[in-house]
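User: Can you walk me through this one? I'll ask as we go.

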Amino acid sequence: MDFAARHIGYVIAAYGVALVLLAGLVGVIVLRMRAVRKRLAELEAQGARRRAPARASSAENSSAKPAAATFVEGRKPS
Amino acid sequence: MFNYLANPNRFLRVQQKVQPWLVALTALVLGYGLYLALVVAPPDYQQGETVRIMFVHVPASSLAMGIYVFMAVAHALGFVLRHPLADAAAKAAAPIGAVFTLISLATGSLWGKPMWGTWWVWDARLTSMFVLFLLYLGYIAVWQAVDEPHRAARVAGIVALVGVINIPIIKFSVEWWNTLHQPASLLRAGGPAIDSSILTPLLWNMAGFALLFLTLLLYSLRAEVLARRARQMELAQAGASM
């Protein structure tokens, strides 16, 4: 690449903009992962489980699934 | 493979194993592509050094459109097959697609000023690409606005499936209307109209950008699966305390 060429500033600016935007994207994704991991660790420390403890009424029906259990797959409880 | 990864736990295991290799492959391919683009490729006989902007602009534009199609297909599979990770994959892909669209718009503008004499014109290609950016923002806003993931997925899916009509409009805008933007020179009848000295670095960069998307998508999807798991634990905790 010829750094003395005409319009070279536009080329440098284009690569700079792409680099900054991609670095920002990676940063946002990594920060979100950290926040999610932190939240999971807090919940586990509190003894939270993915399924609510079975209640007396629902325990009678062994096939009943706790409503919250299906949310991990982004699905409405059936 | 598609059904195999439908299980979120299995996906997390596979993603963890694949991630380091994918990061390394992305760095290698993208690094080599940038070396070809910035060092090896000659200046164009008409565009001069500004042709190097194309090595970022073209891959970013292709991915901006490709990611939106990916999101629409993912939602369609979510609606029809009820694949558990389909909606989450589309959600994870959206910010990546929005950033690639912004890179496409910004680098296109930076190329347009020296070559066309203007930063922006409201021609069909540029306008439809800008509409794509707005669609990405609208899609992301839906996920932010609706709390319940299943309902958010349904509304976002409609946005993705309706908005995908914009993709052929972007692709064929240069043929259907008289635009300042040049016609297709890569995917066209009769093969690419680009010299191999420019085409080879371009293809390497397209591969590198595609790998970067895949790497970021899988990592982001992992975060989404874990976030849903945390939400599930919060709901179970709230249910237990009632």
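User: Where does B:Arg222 lie?
Analyst: B:Arg222 sits in helix H7 of chain B. Helices here are DSSP runs of H or I with at least four residues, numbered from the N terminus.

User: Is B:Arg222 buried or exposed?
Analyst: Buried, because B:Arg222 has 21 C-beta neighbours inside 10 Å. The cut-offs: 20 or more other C-beta atoms within 10 Å is buried, 12 or fewer is exposed, and in between is partly exposed, with C-beta atoms placed from the backbone.

User: Which residues is B:Arg222 in contact with, leaving aside neighbours within four places in sequence?
Analyst: B:Leu12 and B:Gln15. Contact means C-beta atoms, placed from the backbone, within 7 Å.

User: Before we go on, what about the model and numbering?
Analyst: This is a predicted model: local features need pLDDT of at least 70, side-chain atom pairs count only at pLDDT 80 or more, and totals for chains, interfaces and linings use all residues. Residues are numbered from 1 along each chain as its sequence is written, while chains are lettered from A and ligands numbered from 1 in the order in which they are written.

User: New topic. Which residues touch the most other members of the largest nonpolar core?
Analyst: A:Ala14, B:Ile67, B:Met71, B:Ala89 and B:Ala93, out of 72 residues. Such a core is a set of buried Ala, Val, Leu, Ile, Met, Phe, Trp, Tyr and Cys residues joined through C-beta atoms within 7 Å.

User: Which helix gives the most to this core?
Analyst: H3(B), with 16 residues.

User: And what is B:Ala93 in contact with, sequence neighbours within four places aside?
Analyst: B:Ile67, B:Phe70, B:Met71 and B:Leu217.

User: Now H2(B) and H5(B). At what angle do they pack?
Analyst: About 130°, with the axes 9 Å apart. The two helices are therefore oblique, a class left over once under 35 degrees is roughly parallel, over 145 roughly antiparallel and 65 to 115 roughly perpendicular.

User: Which residues of H5(B) meet H2(B)?
Analyst: B:Ala153, B:Gly157, B:Ala160, B:Leu161 and B:Gly163. On the H2(B) side, B:Met71 and B:His75 are among them. That contact divides into 8 nonpolar, 4 polar and no charged residues.

User: Last one, chain A. How many of its residues are in contact with chain B?
Analyst: 39 residues of chain A, against 45 residues of chain B. The chain A side has 26 nonpolar, 2 polar and 11 charged residues. Of the 78 residues of chain A, 19% count as buried.

Notes
Axes are lines fitted to C-alpha atoms, for helices over the stretch in contact, and angles run from 0 to 180 degrees between N-to-C directions. Two residues are in contact if their C-beta atoms, placed from the backbone, lie within 7 Å. Ala, Val, Leu, Ile, Met, Phe, Trp, Tyr, Cys and Pro count as nonpolar, Asp, Glu, Lys and Arg as charged, and the others, Gly among them, as polar.
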